[in-house]
Amino acid sequence: MPNFARTLLITLILTASGAPFARAEMPGDPAAVSQDDGKYADKDGNPTYKVGPDGKVDFYSYTGFVRYSANCLQCHGPDGLGSTYAPSLVDAFKSLTYNEVVGIVAGGKKDVSAAQDLVMPSLGENKNVMCYIDAIYIYLRARSTDAIGRGRPADHEPKPPGYSDAENSCMG
Ligand code: HEC
């Protein structure tokens, strides 16, 4: 069956089954297969974490922890575990893809069916978030598979050589 036809069929089945949160795509295998200046990627080319046998994490996971704590923790709780305001991202990242996460963070989300007014602000204009979105994604991906535990990672790889230049040019 051609790809588009299969996609259409899956979409129709999911729609017909009325599963509002069913997703055809999943984040996939998080194993790191390549790396570019200290940023690891999985087999699909999406950003991922790398944790050594000694528990040492890649630099992006560490930066992600710091940026998460500064920009997301106030609503989503310490270590991504959720709060009375906002859902657990440790759970959400088990099924959200990289593209879905970037879309939600940049554009926001409002749960119209919730009894409470739950609003995820759109942070697409916030450089403190968007310049670090890959790091935040990588950290939360590691939390969702339990590769990284609660709290600040004890040890991390050194800052990659090109990191500061890329950071400065993004932050302007
Ligand atoms: C002002 C509070 C607030 C802040 C700050 C915030 N969020 Fe949210 N976020 C929410 C709420 C509330 C929801 C649930 C919205 C809904 O259900 O429609 C949410 C939903 C999400 C979702 C979708 C979860 C799902 O199950 O589909 C993601 C992903 C997310 N937030 C990531 C982030 C990240 C990453 C940051 C930091 C860069 C962040 N949020 C900062 C309040 C916040």
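# Questions on some loop residues

Reader: In this predicted model, does Asp37 count as buried or exposed?
Author: Asp37 has 11 C-beta neighbours inside 10 Å. A residue with 12 or fewer such neighbours is placed in the exposed class. Because its count is 11, Asp37 is therefore exposed.

Reader: Where does Asp37 lie, and what is its phi?
Author: Asp37 sits in the loop that runs between strand E1 (34–36) and strand E2 (39–41). Although Asp37 is not a glycine, its phi is positive, at about 50°.

Reader: Is Asp79 buried or exposed, and how many C-beta atoms lie within 10 Å?
Author: Asp79 is found in the loop between helix H3 (73–76) and helix H4 (89–92), and its phi is positive, about 60°, although Asp79 is not a glycine. The buried class begins at 20 or more other C-beta atoms within 10 Å. Asp79 is therefore buried, because the number of other C-beta atoms within 10 Å is 21.

Reader: Which residues does Lys56 touch, leaving out those up to four places away in sequence?
Author: Lys56 belongs to the loop between strand E3 (47–48) and helix H2 (59–71), and with 15 C-beta neighbours inside 10 Å it counts as partly exposed. Once residues up to four places away in sequence are set aside, the residues that Lys56 touches are Asp155, His156 and Glu157.

Reader: How many Å apart in space are Lys56 and Glu157, C-alpha to C-alpha?
Author: Along the sequence, Lys56 and Glu157 are separated by 101 residues, and yet Glu157 is among the residues that Lys56 touches. From C-alpha to C-alpha, the distance between Lys56 and Glu157 in space is 6.8 Å.

Notes:
Residues numbered from 1 in each chain as written. Predicted model: local features only at pLDDT ≥ 70, side-chain atom pairs only at ≥ 80, totals over all residues. Helix = DSSP H or I, 4+ residues; strand = E, 2+ residues; numbered from the N terminus. Contact = placed C-beta atoms within 7 Å.
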